[in-house]
Structures are given as structure tokens and as C-alpha cells.
Amino acid sequence: MPADVANALKEKFPQLTARASLDHPAFNVPVADVVAALKYLRDEAAFDMLTDLTAIDWAEGAAPRFTVVYHLFSTTNHTYVRIATDCPSDAEPAVPSVVSLWPGANWHERECYDMFGIKFAGHPDLRRILMWEGYPYHPLRKEFPLAGIETPLPDPDIAAETGANLIAAPMMGGPFVAAPGEINLTEAEPRAKDESWTEREEKPE
Amino acid sequence: MVSSNTELAYNSKIEGEVVVSRADAVINWIRTNSMWPMPMGLACCAIELMGVAGARFDIARFGAEVMRFSPRQSDCMIVAGTVTYKMATAVRRIYDQMAAPKWVIAMGACASTGGMYRSYATMQGVDRILPVDVYVSGCPPRPEALLDALIKLQAKVKRERSAKNLLSA
């Protein structure tokens, strides 16, 4: 991002602060200015593409707890910028929706709502996208376990007929990660961190 | 050894134009050679299923090129792809709407066991909600592997006591 664009942005939005970033220019914006700042970047600074819209959960106890992050890309200048805004409320996190600026933000905002519980004011159709309506948890919050929580399936007649429900996925000794630095592909394939136990064999004491 | 319900006996000098066989053999032969799939193509395995239906791997050799997307008109549901819990109710409903006799092929790792998705959103195997007849491993399975599964399913159907099931049902 050229320096004059960054300076013009800071002049227009005086409460903008720079954000620590290793790769691209990044700014923290207060939630009241975020739609105006994004609109300015889209219209005046030629950041015409919203490549990502995501969120960060800093865990219960942090204040603010949720941060919504926007990644913008300029297809003409080939530069990126990151805009981050903190949600004012921890219990009912909400930010304005940018669907009016980029229609592609529709599903990204639904995903943030589904995974974090962040509501987007002005979104035309804010409902869960991966989990079903009425699923009681928000899976990417820090207190949600990796494997999931056992829940009944959404349709009671299917649940009764099949006897199935949403189970905590069998983790069997931890997340499956690839071993770094191995050359032998058999050893380098993703495997459980702790291979001493599986679903069938108990953990040896 | 010839299994009794797959044996077809025909001696044209004695029988003339008549074929005498066991009901099981004829019914099973008809079912195996026109196994119309209901492609429950949910993810990437559906692309390989389309490849199997294409000219190179040609599922039409087995009589199964008739991909009927209506459950009323199909025999075999091929679950090709990741079954999320959100989609699971729809998959089960479609299975319930299929007319008997019906079979299920779980194609690929995701349909068989949940595959690489050991998560809160993915059903760990479609066999939690459907009775699966043949599992195919692979991510995605080679088209030849799916044809092998179809052949195994045909062998399974050939062993059924179809006449007994029809008369007793």
C-alpha cells in the first residue's frame, strides 16, 4: 500500500491505528468507522476485492473478546491490506455487515456467525451455514473442544429411526498432524500425536 | 461348485425354446445387470463417479449408467462424498424413499468413516444412518475401484435368496 494512501486513510479516519503485521499493511479500526473505511478503500484506494472475512476469538476473559478481520486485495495494484475491528460487546458480538459493499461477503459473514456467534447487522440472510439452525454451540470459540460435543441430530424422526446422533469425533490420541522434516513419506504422513491408544485399545497406564 | 440360486440350466435339444432356471437365479441376474444408481454425489467423489460414467471407465458395461436422481427409480444409492450432519437427514430421507430392493455403496473415505474430517461437523461414516453394503476406500477412489465395488455388490446380490424374500415380504 503506497504511503500516500495510508496517510490519506489515517487523515480521514483519525482513530485508525496500525496493527502488527508481518506481511501486509494492517490497521485497527473502531467498529463505528469500519464500513466507511472499507468503502473508502474500495472506492478511493482501488481495493476492489474482499478476499477474506474472518474473526478471532481471544478466549473468555480477554477484552475485547472477538475481532473481525477483513482482507482486501487490489486487482489493479496487486496489493493487500488488512482491516481489523473489535466487537464492542463480548456477550453479544455484533458488527455492521459489508454485504452492501461486496456481495461475496454474504457467506463469509454467515460462517463467522455460525462459528463464532458474531451477528452482522444488515445482513440479508444471517443463518448458520455449516451447522444446522438450532445447533446450540459455536464451534470455533475457544471453549468448544476440537472433537465436538455430543448433540442430538436436528430431525427427531431421523434420529429416532437411525439411533444416531452427533458424536464427538474419535480423536484417539490427539490431532493428526504431519511430522515436520521427515523424508521417509511413511513416517511423514499425518498421524496422531499420541499413538499409544485408539478407540479399541485403551491407553496403557 | 455351482451355487443353486445362480445356476441357469438350458439344454436346447431337450428344452427347445424354453429356459428352465431357479427363480432366484433369474431375479438376481436381472437385478445385478440393471443396478440403477442413485448418485448421492456430495463432494469430490462425485467427480470420480462422473468419470466412471464417462466413456473411458464406462459403468454402462454393467448396466448401471442410468443415474436416476429420483429415489423412486433407482436401486443403489452411491454415497459419494462427505456427509455432514446437516446433510445427513436429507440422505436418510432419500434412502427411505427408495423402493426395496435397495443397496448402498459408501464411496470414498468420507462416506465410509468420515475420512480426513474428524470433526464436529462431519458424520463419521454414513453407516451410522444407512445400512452400507460395500465400502470403497480412496480419496477419491480410482474409477476402477468403484467398478470393483459394483462388481462386489453384484456378487452380493447374486447370493441373495430373492424369491424367498419376495414371497415372504
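Chain B and chain A bury about 1,800 Å² between them, and 62% of that is on carbon and sulfur atoms. Buried area here is the accessible area (1.4 Å probe) that two parts lose on being put together, summed over both. Three residues, B:Lys86, B:Arg118 and B:Tyr120, supply 44% of the area that chain B buries against chain A, more than any other three residues. The contact (heavy atoms within 4.5 Å) takes 29 residues from chain A and 15 residues from chain B.

This is a predicted model: local features need pLDDT of at least 70, side-chain atom pairs count only at pLDDT 80 or more, and totals for chains, interfaces and linings use all residues. Residues are numbered from 1 along each chain as its sequence is written, chains are lettered from A and ligands numbered from 1 in the order in which they are written, and side-chain values use heavy atoms, with hydrogens and water left out.

**Salt bridges**

Side chains of opposite charge can pair when their charged atoms come close. A salt bridge is a side-chain nitrogen of Lys or Arg within 4 Å of a carboxyl oxygen of Asp or Glu. The structure holds 14 salt bridges over all chains. Between chain B and chain A the count is 3. Here are some of the pairs.

| Pair | Closest N and O atoms |
|---|---|
| A:Glu161 and B:Arg92 | 2.7 Å |
| A:Arg65 and A:Asp57 | 2.8 Å |
| A:Asp114 and A:Arg128 | 2.4 Å |

A:Asp114 lies in helix α3 (residues 105-116) of chain A, and A:Arg128 in the loop between β7 (119-121) and β8 (151-152), so the pair ties together parts that are 14 residues apart in sequence. Helices (H or I, at least four residues) and strands (E, at least two) are DSSP runs, numbered from the N terminus. Both A:Asp114 and A:Arg128 are buried. The pair of A:Glu161 and B:Arg92 crosses between chains, from helix α4 (residues 156-162) of chain A to helix α4 (residues 85-97) of chain B. A:Glu161 is partly exposed, at 41% relative accessibility. B:Arg92 is buried, with a relative accessible area of 10%. Buried means under 20% relative accessible area, exposed over 50%, partly exposed in between (1.4 Å probe, protein chains only). A:Arg65 and A:Asp57 are buried too.

**Chain B**

Chain B has 7 helices and 6 strands. From the N terminus on, its elements run β-α-β-α-β-α-β-α-β-α-β-α-α. Of the 169 residues in chain B, 43% are buried.
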